[in-house]
Amino acid sequence: MRNCLLLLFAGFVLLLTSCRNDFNFEPSTGDLAFSRDTVYLDTVFTNIGSSTYTLKVYNRSDKDISIPSIRLGEGEASKYRLMVDGLPGKVFSDIELLAQDSMYVFVETTIDYNEYINEENNFLYEDKIEFDNGDNYQKVELVTLVQDAVFIKPDRPLSTDMKETLTISGEPSDIQGHELATPEELHWTNEKPYVIYGYALVPNGSTLTIDAGARVHFHAESGLIVDDSGTLIVNGAPSTTEALENEVIFEGDRLEPEFSDVSGQWNGIFLLSGQENTINHFTLKNATVGILMDRVIDNTTPKLTMENSQIYNCTNFGVLARAATLTGTNLAMNNSGEASLACTLGGTYDFKHCTFANYFNSFNQVPVVLNDYRINDDVLLIGDTDASFDNCILYGSGNYGLSLERQADTEVSFNCEFKNSFIKLVDIGNRLNSNPLYPFDDNDPSLVNYTNSIIADRSSTSPDFVAPRDNDLNLGEESEAVDVGTNIGITTDLNGQARPNPDTGIPDIGAYEYYVTE
């Protein structure tokens, strides 16, 4: 009986296999379809590999086909690399594709700019993917813009695998980077973009000067450190086009459009310096913490004067200042995971005509945090706080434009004033009503004074930003921040327009003046 069952099962399997039609692949007839006719690999820096781009190839016929050849036009000499049907290379033969099916072709490139000459510091490198030949020939163009750049990265001694680590405030560290030492390294121009790997360190006693129009790109987990007696001078200038041709711009080194607003692509600026650091006409975006001002030596107070500048799309903070001295005029900050501006452990702060917004998609983010403490290794540290906000906007997608905390009672001073400012405080659950730091019944004006400020206690009271989630914080025609400021001597806005608007003679609150667009 058992043998009969085995014979029956074997016969059944044979019957099934005899019914299967073997795939018969016919030569391609040049009727392939493609997801695009040109693959544009976005701008890459010399000798830095691109992202991987995708081309989809379709066989829309009812026949299984074999493509005799798929190759790069320049063959093995091409600067492009392909992955076809899971195989890497530049020339492929007899690639099979089932009827009504598709396959992916992946494209990458790495190009040495120095092999080519171009007076504009970039060039277009072009090739093509060729499918079949003769009457069945089809092609897809490949185009890449390549930029020359100045690279700053850790040195690697020839005799060891160890990379250069940095000495910060006189103490060795395990931070990999490069100490800026030569005149060329300490003067960044607008002739070529800069690409930073690891950390660039401005050492004690040195000054890094950055010219108008400079572009600085940071690789992942990279940043700029200014030591406690180093100095940072950013000399951006007003621009006349949307390209911000004279602005100094810090961002990541991923140049594809889909990375243009992605936070956390690089670490940020660590400003430890107590020197006269200045930043003007500057844009910083897509960092983890845009600017961290912190002390590493007890008698050094980090110091910065910042004007006409923008900070956007930071994973944690736009600016995180600890016991620092920070003066800001015509600043716009937006889209940070915790706070666009955080002034902690006390410090001295003075802001005029600034817009602090926050529309980051995270829980409990706020535009501004202000407190007098920091907990470090379970130790409570406190510091004197002296902060002034004049003609400023503090507004975001959450209920609170401002978070205030005071840990000390009498040990340190806590003096804050918001003059002629526009502050969102929608206290739905009366969480702040009994807090003396906020502008409600029990407010203590000896600690925090809200002189002539607009308290937006409902979401309908709005600065009417044009497109806040896209970092356009210009005022709309319905803005309640228009024509309600006071003249404090700031004669231009962040756009370079006259302040106040000559049509009204009254300045607006925030970094931008409202002008009717025609």
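Serine 28 is buried in this predicted model, because its relative accessibility is 4%; the term buried denotes under 20% relative accessible area, exposed denotes over 50%, and partly exposed lies in between (1.4 Å probe, protein chains only). Serine 28 occupies the loop that joins β1 (26–27) to β2 (33–34). Strands (E, at least two residues) and helices (H or I, at least four) are DSSP runs numbered from the N terminus. The serine 28 side chain approaches the backbone nitrogen of glycine 30 at 3.3 Å. This is a polar contact, defined as a pair of N or O atoms within 3.5 Å; within protein, one must be able to donate a hydrogen and the other to accept it, and residues adjacent in sequence count only if both atoms are side-chain atoms. When residues up to four places away in sequence are not counted, serine 28 touches Ile65, Ser66, Ile67, Pro68, Asp132 and Asn136, contact meaning heavy atoms within 4.5 Å.

The model is a prediction in which local features need pLDDT of at least 70 and side-chain atom pairs count only at pLDDT 80 or more, whereas totals for chains, interfaces and linings use all residues. Residues are numbered from 1 along each chain as its sequence is written, and side-chain values use heavy atoms, with hydrogens and water left out.

Backbone geometry was examined next. Most residues other than glycine have a negative phi, and most peptide bonds are trans. Glutamate 221 has a positive phi, near 60 degrees, and is placed in the loop between β19 (215–218) and β20 (223–226). Glutamate 221 is exposed, because its relative accessibility is 62%. Asparagine 308 also has a positive phi, near 50 degrees, but belongs to strand β26 (residues 303–314). With a relative accessible area of 12%, asparagine 308 is therefore buried.

A further positive phi, of about 55 degrees, occurs at aspartate 377, in the turn of the hairpin formed by β31 and β32, which have two residues between them. Strands β31 (residues 373–376) and β32 (residues 379–382) pair in the antiparallel sense over four bridges, pairing requiring that DSSP find at least two bridges between two strands. Tyrosine 373 has isoleucine 382 in β32 as its bridge partner.

Proline 507 is found in the segment after β41 and is buried, because its relative accessibility is 3%. Leaving aside neighbours within four places in sequence, the contacts of proline 507 include Arg499, Pro500, His353 and Glu513. The C-alpha atoms of proline 507 and threonine 491 are 9.2 Å apart, with a sequence separation of 16 residues.
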